[in-house]
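Here is a short briefing on a protein model with its chains shown together. Look at the structure first, then go through the points by topic.

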Amino acid sequence: MKFIKFLLLGIVFGIVMTKSEAVSWFRIQEMFRFQAFHMYGIIGTAVTLGVSGVALIKKFNIRDYQGNPIVFSPKDKSVSRYLLGGSIFGLGWALSGACPGPMVVNVGYGYWAMAIVFFFALVGTYLYGVLKNKLPH
Amino acid sequence: MIELITQPWSWWFSGAMIAATMFFLLFFGQSFGFSSNLKTICSAVGLGKTNEFFDFNWKSQMWNLVFLIGAILGGFLTKQFLSTDAPVQIAQSTIEDLSKLGIGAPESLQPAEIFGLEAMLSLKGFMILAFGGLMVGFGSRYAGGCTSGHAISGLSNLQIPSLIAVIGFFAGGLIMTFLILPLIF
């Protein structure tokens with residue numbers, strides 16, 4: 001039962017991603033062609049509220065539902081892994097029109113082709129694990 | 001009221017709901033990062049035996065797998081009850097650009113030329129889906145996160161690495177959109 005809150009949050013996330021059309025290949029193309037504000041509005045709003053909220057959590061030491069401090073762990077310092085990894089991710093994002101979340105939302109919506117995309121995302125993740133030590137980080 | 005639910009939602013409401021999702025996950029002691037699920041699934045199917053990167057206690061990430069199942073359900077519920085499956089209202093300029101690639105104006109949420117059954121079962125169509133997924137999976141783990149982990153969670157915490165990753169997302173996306181897609185389609 002302790003997982004039910006995560007199931008409900010996932011459902012909300014899936015509905016929001018579909019209703020905002022952020023799961024649509026068309027919307028991702030429109031974004032990368034800078035032809036509409038829509039996707040920038042979604043991400044911009046989320047980040048603006050996110051920055052404000054995270055700052056408030058830190059300032060007032062807001063705790064989670066069990067009373068534990070909410071900790072934000074800084075990401076490892078590097079340029080190459082983020083730039084290279086990010087670029088490869090971007091190539092895939094613009095081709096398939098979906099990042100990992102929207103892939104499974106699309107499967108739920110009935111686009112079975114996205115299950116192929118998701119399966120190969122798993123293969124890609126495994127491939128990274130295999131090649132990890134040979135890549136610049 | 002029904003109309004308000006079935007028509008597409010505004011960018012500001014959607015963005016606010018995504019931020020709310022992140023804050024609820026933080027409040028529940030976790031963090032918003034979807035691509036971690038890919039690593040977790042690799043571990044759960046036993047790939048930790050052949051590769052140490054996947055050798056970890058994946059059960060500690062069960063909450064995120066449940067979130068993933070919820071996301072699938074969310075897509076399903078939207079299709080069944082909250083959608084008219086109307087064409088996505090993208091910009092006219094995008095429709096014109098895409099028509100030059102042979103992709104017709106939206107008739108629903110996704111282009112049939114890529115996600116339709118016929119495309120999926122053709123060699124070229126299958127390769128597009130496969131390579132797209134492969135690069136998203138490989139790239140997100142290499143960069144240590146995807147749109148949720150870097151663009152939303154990371155930027156919200158003012159992380160420079162996340163900003164670099166997002167610049168990478170766009171570098172790759174622009175190369176695909178303007179240089180590679182015209183060669184594929």
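From the N terminus on, the elements of chain B run α-α-α-α-α-α-α-α-α-α. The model is a predicted one.

**Chain B as a whole**

- The secondary structure of chain B consists of ten helices and zero strands.
- Of the 185 residues in chain B, 44% are buried.
- Among the contacts in chain B with a separation of 6 or more, 46% come from residues 24 or more positions apart.

**Chain A as a whole**

- Chain A has six helices and zero strands, and its pattern along the sequence is α-α-α-α-α-α.
- The C-alpha trace of chain A spans about 45 × 40 × 40 Å along its principal axes.
- Buried residues account for 57% of the 137 residues in chain A.
- In chain A, 42% of the contacts between residues at least 6 apart in sequence join residues at least 24 apart.

**Where the chains touch**

- In chain B, 106 residues are in contact with 99 residues of chain A.
- On the side of chain B that touches chain A, the elements giving two or more residues are helices H2 (11–27), H3, H4, H5 (92–100), H6 (112–115), H8 (123–143), H9 (147–156) and H10 (160–184) of chain B.
- The residues on that side of chain B divide into 71 nonpolar, 31 polar and four charged.

**Helix H4 of chain B**

- Helix H4 of chain B covers residues 62–82, and at 1.5 Å a residue its 21 residues should span 30 Å; the C-alpha atoms at its ends are 28 Å apart, which agrees.
- Which residues of H4(B) are buried? They are Trp63(B), Asn64(B), Phe67(B), Leu68(B), Gly70(B), Ala71(B), Gly74(B), Gly75(B) and Thr78(B).
- Seen down the axis of H4(B), these buried residues fall within an arc of 160°, so they line one face of the helix.
- An α-helix has 3.6 residues a turn, so residues three or four places apart point the same way.
- Gln80(B) and Phe81(B) are exposed residues on the face of H4(B) turned away from its buried side.
- The cover over the buried residues of H4(B) includes helix H1 (4–19) and helix H5 (100–109) of chain A, together with helix H3 (36–44) of chain B.

**Helix H6 of chain A against helix H3 of chain B**

- By type, the residues of the contact of H6(A) with H3(B) are six nonpolar, two polar and one charged.

**Helices H1 and H5 of chain A**

- H1(A) and H5(A) pack with their axes 10 Å apart, at an angle of about 85°.
- That angle makes H1(A) roughly perpendicular to H5(A).
- From H1(A), Phe13(A), Gly14(A), Met17(A) and Thr18(A) meet Gly101(A), Pro102(A), Val105(A), Gly108(A) and Tyr109(A) of H5(A).
- The residues of the contact of H1(A) with H5(A) divide into five nonpolar, four polar and no charged.

**Two residues in helix H8 of chain B**

- Arg141(B) is placed in helix H8 of chain B.
- Is Arg141(B) buried or exposed? Arg141(B) is buried, because 27 other C-beta atoms lie within 10 Å and the cut-off is 20 or more.
- Leaving out residues up to four places away in sequence, Arg141(B) touches Thr125(A), Tyr128(A), Ser35(B), Leu38(B) and Lys39(B).
- Arg141(B) and Ser108(B) are 33 residues apart in sequence, and their C-alpha atoms are 31 Å apart in space.
- Phe131(B) is also in helix H8 of chain B.
- Phe131(B) is partly exposed, with 18 other C-beta atoms within 10 Å.
- Phe131(B) and Ile167(B) are 36 residues apart in sequence and 21 Å apart in space, C-alpha to C-alpha.

Conventions: Residues numbered from 1 in each chain as written. Chains lettered and ligands numbered in written order. Predicted model: local features only at pLDDT ≥ 70, side-chain atom pairs only at ≥ 80, totals over all residues. Helix = DSSP H or I, 4+ residues; strand = E, 2+ residues; numbered from the N terminus. Expected span 1.5 Å × (residues − 1). Buried ≥ 20, exposed ≤ 12 C-beta atoms within 10 Å, placed from the backbone. Arc of directions from axis to C-beta. Contact = placed C-beta atoms within 7 Å. Nonpolar A, V, L, I, M, F, W, Y, C, P; charged D, E, K, R; others polar. Axes fitted to C-alpha atoms, helices over the stretch in contact; angles between N-to-C directions. Parallel < 35°, antiparallel > 145°, perpendicular 65-115°, else oblique.
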